Amino acid sequence: MDSAPRSPVYGVLQNASMVDFPGRLAAVFFLTGCNFKCGFCHNAALMNRTGAAGLPWTEVEQICRKFRDNWVAGAVVTGGEPTLNPGVFHIVEKLREWGFAIKLDTNGSRPGVLEKLLPRVDYVAMDVKFAPADYSKRVGFADVAALTESIRLIREKAAAYEFRTTVIEAWHDADSMRAIGEWVRGAELHVLQAFVPRAELPDPACRAMPETRAEILRACADLLRPYVARVEIRGEF
Ligand code: SF4
């Protein structure tokens, strides 16, 4: 049996990403497990794999060295939900040691862990998926207070950050966008992105939904603008 020490990293994007870390070419590292049940999840293969064996540290180091040799200076730690994995601190520490600037993606459900990670990362992206009242119904997570606390922590303590919402036409209306705006009021940046249906989404209803139209994204951006310093539509045009 292979007894090499295992990292918490379950997978690494083969090529560096130009879109996952604003302003940086970045390697993307996936950790497993998630405490939300989003029917529209694009990483559903990672949702139910809590505790799955990660790549050996030697392999992760080798991959990182290759990225660094190719001028990749950013690293994105994503999931799943990375704050669920106790190994998240170890990989963040290693990535820092190997010279990467680090971005953390989070669903905001674990403010206690997030608070400890904030001083160790350079950028945080938190999904604010729905209005507070819709969370339980849409993603099966009801602890809105935890999400509110994460929003506060990020606004006050993150070196740089964004909140982001994937707009689903059937599920986001003007009232829910205003409620999201109220929730993140005073934020520096809120990013909107289009929902894109895919055959492998967990919820069959989501697979049949249309891609979000550009004019809907623009209307949602207009609704958010009074609440935050800057709204960006990502992927546009
Ligand atoms: S929070 Fe993210 S990783 Fe978790 S189920 Fe939702 S979309 Fe997927």
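Helices and strands are here DSSP runs, numbered from the N terminus; a helix has at least four residues and a strand at least two. The model is predicted.

**Exercise 1. Find which residues lie around the ligand, and how they divide into nonpolar, polar and charged.**

Step 1. The residues around the ligand are Cys34, Phe36, Cys38, Cys41, Asn43, Met47, Gly79, Gly80, Glu81, Asn107 and Val139.

Step 2. This shell is made up of 6 nonpolar, 4 polar and 1 charged residues.

Step 3. Two of the names in the shell, Gly79 and Gly80, are joined by a cis peptide bond with omega near 15°. Glycine 80 lies in the loop between strand 4 and helix 3.

**Exercise 2. Determine which residues of helix 3 are buried and what they pack against.**

Step 1. Val88, Ile91, Val92 and Leu95 are the buried residues of helix 3. Viewed down the helix axis they fall within an arc of 100°, so they line one face of helix 3.

Step 2. Glu93 and Glu97, on the other side of helix 3, are exposed.

Step 3. The packing partners of the buried residues are strand 3, strand 4, strand 5 (101-106) and helix 4.

Step 4. After helix 3 comes glycine 99, with a positive phi near 95°.

**Exercise 3. Describe the largest nonpolar core and the surroundings of phenylalanine 29.**

Step 1. The largest nonpolar core has 61 residues. Those with the most contacts inside it are Phe29, Ala75, Val77, Val92, Ile102 and Val124. Strand 3 (residues 24-30) supplies the largest share of this core, 5 residues.

Step 2. Beyond its neighbours within four places in sequence, phenylalanine 29 is in contact with Val9, Val12, Ala75, Val76, Val77, Thr78 and Ile91.

Step 3. In soluble globular proteins, nonpolar side chains tend to be buried together.

**Exercise 4. Compare the buried and exposed sides of helix 6 and helix 9.**

Step 1. Helix 6 (residues 144-157) has 14 residues and reaches 20 Å from its first C-alpha to its last, close to the 20 Å expected at 1.5 Å a residue.

Step 2. Leu147, Ser150, Ile151, Leu153 and Ile154 are buried in helix 6. These residues cover an arc of only 165° around the axis, which puts them on the same side of helix 6. Ala145, Arg152 and Glu156 are exposed on the other side.

Step 3. The cover over the buried residues of helix 6 includes helix 4 (111-117), strand 6 (123-127), strand 7 (161-167) and helix 7 (174-184).

Step 4. In helix 9 (residues 214-224), the buried residues are Leu217, Cys220, Leu223 and Leu224. Their arc around the axis is only 120°, which puts them on the same side of helix 9. Glu215 and Asp222 are exposed on the face turned away from that side.

Step 5. Strand 7, helix 7, strand 8 (190-194) and strand 9 (231-233) are what the buried residues of helix 9 pack against.

**Exercise 5. Examine tryptophan 71 and leucine 25, and state how exposed each one is.**

Step 1. Tryptophan 71 is found in the loop between helix 2 (57-69) and strand 4. Tryptophan 71 has 8 of them, so it is exposed.

Step 2. Most residues other than glycine have a negative phi. Tryptophan 71 has a positive phi of about 70° although it is not a glycine.

Step 3. Leucine 25 belongs to strand 3. It has 16 C-beta neighbours inside 10 Å and therefore counts as partly exposed.

Step 4. Leaving out residues up to four places away in sequence, leucine 25 touches Ala16, Met18, Trp71, Val72, Ala73 and Gly74.

Notes
Residues are numbered from 1 along each chain as its sequence is written. This is a predicted model: local features need pLDDT of at least 70, side-chain atom pairs count only at pLDDT 80 or more; totals for chains, interfaces and linings use all residues. The expected span of a helix is 1.5 Å times one less than its number of residues. A residue is buried if 20 or more other C-beta atoms lie within 10 Å of its own, exposed if 12 or fewer, and partly exposed in between; C-beta atoms are placed from the backbone. The arc is that of the directions from the helix axis to the C-beta atoms. Two residues are in contact if their C-beta atoms, placed from the backbone, lie within 7 Å. A residue is near a molecule or strand if its C-beta atom, placed from the backbone, lies within 6 Å of it. Ala, Val, Leu, Ile, Met, Phe, Trp, Tyr, Cys and Pro count as nonpolar, Asp, Glu, Lys and Arg as charged, and the others, Gly among them, as polar. A nonpolar core is a set of buried Ala, Val, Leu, Ile, Met, Phe, Trp, Tyr and Cys residues joined through C-beta atoms within 7 Å.
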